[in-house]
Amino acid sequence: MLWWGVASALIANVLYSTGFVLEKRALATLPALSTRRPALVVRHLLGSPRWLGGSLALAAGFAAQLAVYRALPIAAAQGIFVSGLVLLLILSSVVLGERTSGRERQSMVAILVALVMVVASLQGDDARTIARTAPPATLLTIAVPSLAAGLLLYGSAERRARRRHRLPTAGVAYGVAVGLLYGVSSLAIKGVSGLLTTHDIPAAAGHLLRSPYPYLLLFTGATGLVLSQTALQRCRASVIVPVCSTITCVFTVACGTVAFGEPLPADPLRLALRLGGTAVALTVLLALPRHEPPAPATSPPSPPPPIAHHPLTPPSPNGVEP
């Protein structure tokens, strides 16, 4: 069961990275999207065959993620999901032609170090404890303020981006805001996966509809679609997606551990590794540049060389050679 979960997580990584890259290529050919007109955003997206191909890849990744949460605890699953950032950086460079700065590449290395620390903490019986459901009150206490914070942050980033003479944003604020939405979505996916069963399907469906999970999924899915695609069109995928994934991972591990009651490591060393890995990921996020570097200034054209005069011929008063 453990290896099946690991394989499903790796497949989900490939599907998610491929889907994001396909969507980014499609967005480059679409008119400018605006969160003020969500219906028009959806219409433009559904009219793009390439974007639909990317969304199908993401949907397949979502199905694989359901299988992951049935086989692995939240912390283990998120640790493997973050490793997909390496594949995304490769695809964004090769397929999209995006160039990452040295600082950003160092940040990605630090994220991988954080991943290794988290995965190293997943030894022992407590790492194999898999919770199926969370108390609705606890889940909503976590989800509602997080969704509000994400929407407020995105709105603030939108207002700053509309100011005149402002440097182009690198997309960190957008990535954090969407990451909070997708963090809540990840908790809902975890809950849905725990309620899925092939035994007594009508009873399972009724139990699922009485839970908050499907409604959180609908809200985060619809809202996240408009916000993430608008941000992805404006900013580099190699910035938006890693920031969003890091926030989603940290949020899901921290809040999911509380909501679903999956235990933290009892061993002090493994606890330090898990908390340290989370701290490293957050530090990397805070260190990422908030704006794109300004374009290099073009040097003014050099003035034409002066007209050479014959040493014995005085220059004409009107500047015209005789």
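## Overall fold

Twelve it is: the chain has 12 helices and zero strands. This is a predicted model, and reading along its sequence gives the pattern α-α-α-α-α-α-α-α-α-α-α-α.

Of the 322 residues in the chain, 46% count as buried. Take the contacts between residues at least 6 apart in sequence: 85% of them join residues at least 24 apart.

## A look at helix α7

Helix α7 covers residues 136-161. How far apart are its end C-alpha atoms? They are 37 Å apart, which agrees with the 38 Å that 26 residues should span at 1.5 Å a residue.

An α-helix has 3.6 residues a turn, so residues three or four places apart point the same way.

## The surface and a nonpolar patch

The chain has an accessible surface of about 16,500 Å², and carbon and sulfur atoms account for 70% of that.

One place to look is a nonpolar surface patch of about 330 Å², made by V86, I90, V94 and V95. V86 sits in helix α5, which runs over residues 84-94. Is V86 buried or partly exposed? Its relative accessibility is 33%, so V86 counts as partly exposed, since that class lies between the 20% limit for buried and the 50% limit for exposed.

Methods: Residues are numbered from 1 along each chain as its sequence is written. This is a predicted model: local features need pLDDT of at least 70, side-chain atom pairs count only at pLDDT 80 or more; totals for chains, interfaces and linings use all residues. Side-chain values use heavy atoms; hydrogens and water are left out. Helices (H or I, at least four residues) and strands (E, at least two) are DSSP runs, numbered from the N terminus. The expected span of a helix is 1.5 Å times one less than its number of residues. Buried means under 20% relative accessible area, exposed over 50%, partly exposed in between (1.4 Å probe, protein chains only). Contact means heavy atoms within 4.5 Å. Accessible areas come from the Shrake-Rupley method with a 1.4 Å probe; for residues, only the protein chains shown count as cover. Patches are made of residues with over 30% relative accessible area and no salt bridge: like charges are joined within 9 Å, nonpolar side chains (Val, Leu, Ile, Met, Phe, Trp, Tyr) within 5 Å. A salt bridge is a side-chain nitrogen of Lys or Arg within 4 Å of a carboxyl oxygen of Asp or Glu.
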